Amino acid sequence: MRYADIYKLINVEKPKTINVVFPNSKPVYEALKVATDKGLIKSRLYGIVENINKYTKETSLNNFTIIKSDSPDEAIKNAIKDIRDGKGDVLMKGSIATASFLSPVLKRDTGLRKGELLSHIAVCDTPGYHKILFVTDGAINIDLDIDKRRALADNAIEFVKRIIKPPIKIAFAAIIEKLNEKIPETIEARILAEEFTKKGYLAEGPIALDVIYSSLAAKKKHIDSKISGDVDLIIGPNITTSNFLLKHMIHIDKADVGGIVMGAKVPLVLLSRSDDSRSKLNSIALSLV
């Protein structure tokens, strides 16, 4: 499975509608333009009319609707309301602070909250690995405990199932494979691996990154692993580790990447200012699968 295969999963016969909150930069419109030209989406653009007209003309974007919103706060409120009213399938962040984007989503009565936790899943197609690799969470959840890591896994699995066939091979990552009370994530990884194994997944943990990537490393370390060298999903021990792993794949391995936020009633697309145009398009595509 590679990104080219993911694009084939999108139903171009029924383009989905993306509600874009306060789009106010040309790269966002360029990504929307490519997705629109491929027949993947229709756009609802929430923001200042004059700015939207400027960027849509500059990028020749078509198949869009403008919803006048004079501030980011008004834009996110309008975009969420429209999704709740059936006008929109995906919510996408434009020029609005991440906290201002996510906070209204999490409101139980007026937002799009579904579970207890929103989480980011990165999808990486790196030349150094033989298939797509899913990694969570390198973007949103800072202070993890065992319950949050369980929720991360649940959110990620829900998404991974849309793309690959079972059994899903899950690695609960840690710095070492041995249990160590001074490294709590090793204990948590073992508990979670046993839980998800009982649920029918091929789950292992704690498992270090070299063993995740290489069955040869597992043999050299005398580790009996059923998933080493063939992992689908990495559940990171903390946000720093997962983020470093992603940035390494992007900048050193030149990986093709995208990301999506799960845990709401619709997929959320949070584009980074540093994302290149391909990554932006990939993230939009992931929200359509």
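Predicted model: local features only at pLDDT ≥ 70, side-chain atom pairs only at ≥ 80, totals over all residues.
Student: How do you know that the length of helix α2 fits its residue count?

Tutor: Helix α2 covers residues 26-37, which is 12 residues.

Student: Which residues of α2 are buried?

Tutor: Val28, Tyr29, Ala31, Leu32, Ala35 and Thr36.

Student: What makes these buried residues one face of the helix?

Tutor: Look down the axis of α2. The buried residues fall within an arc of 160°, so they line one face. In general, an α-helix has 3.6 residues a turn, so residues three or four places apart point the same way.

Student: What covers the buried residues of α2?

Tutor: The cover includes strands β1 (16-21), β2 (41-47) and β4 (90-93), with helices α3 (49-59) and α11 (277-286). After α2 comes Gly39, with a positive phi near 80°.

Student: Why is the contact between Lys87 and Asp82 called a salt bridge?

Tutor: The cut-off is 4 Å from a side-chain nitrogen of Lys or Arg to a carboxyl oxygen of Asp or Glu. Lys87 and Asp82 meet at 3.7 Å, N to O, so the pair qualifies. In general, side chains of opposite charge can pair when their charged atoms come close. By this rule, the model has 20 salt bridges.

Student: What makes Arg150 and Asp147 a salt bridge, and where do they lie?

Tutor: Their closest N and O atoms are 2.8 Å apart, within the 4 Å limit, so the label holds. Both sit in helix α6 (residues 146-160). They are three residues apart, about one turn of the helix. Asp147 is partly exposed at 48%.

Student: How do you know that Glu188 and Arg149 form a salt bridge?

Tutor: The N to O distance is 3.7 Å, which is within 4 Å, so the pair counts. This pair links distant parts of the chain. Glu188 is in helix α7 and Arg149 in helix α6, 39 residues apart.

Student: Is Glu188 buried or exposed?

Tutor: Buried, at 18% relative accessibility. Leaving aside neighbours within four places in sequence, Glu188 contacts Asp145, Ile146 and Arg149.

Student: Why is Ile187 called partly exposed?

Tutor: Its relative accessibility is 31%. That lies between 20% and 50%, so the term applies. Ile187 is in helix α7 (residues 184-198). With Leu179 and Ile191, Ile187 forms a nonpolar surface patch of about 220 Å² accessible area.

Student: What makes the backbone at Ser60 and His222 worth a remark?

Tutor: Most residues other than glycine have a negative phi, and most peptide bonds are trans. Ser60 has a positive phi near 60°. His222 also has a positive phi, about 60°. Ser60 lies in the loop between α3 and β3 (64-68). His222 lies in the loop between α9 (215-220) and β9 (233-235).

Student: Why is His222 called exposed?

Tutor: Its relative accessibility is 74%, over the 50% mark, so His222 is exposed. Ser60, at 45%, is partly exposed.

Student: Which peptide bonds are cis?

Tutor: Among them are Pro166 to Pro167, with omega about 0°, and Gly205 to Pro206, with omega near 0°. Pro167 is in the loop between α6 and β7 (169-173). Pro206 lies in strand β8 (residues 202-207).

Notes
Residues numbered from 1 in each chain as written. Heavy atoms only, no water. Helix = DSSP H or I, 4+ residues; strand = E, 2+ residues; numbered from the N terminus. Expected span 1.5 Å × (residues − 1). Buried < 20%, exposed > 50% of the residue type's maximum accessible area, 1.4 Å probe, protein only. Arc of directions from axis to C-beta. Contact = heavy atoms within 4.5 Å. Patch = residues over 30% accessible without salt bridge, like charges linked within 9 Å, V, L, I, M, F, W, Y side chains within 5 Å. Areas by Shrake-Rupley, 256 points an atom, 1.4 Å probe, with all protein chains shown as cover.
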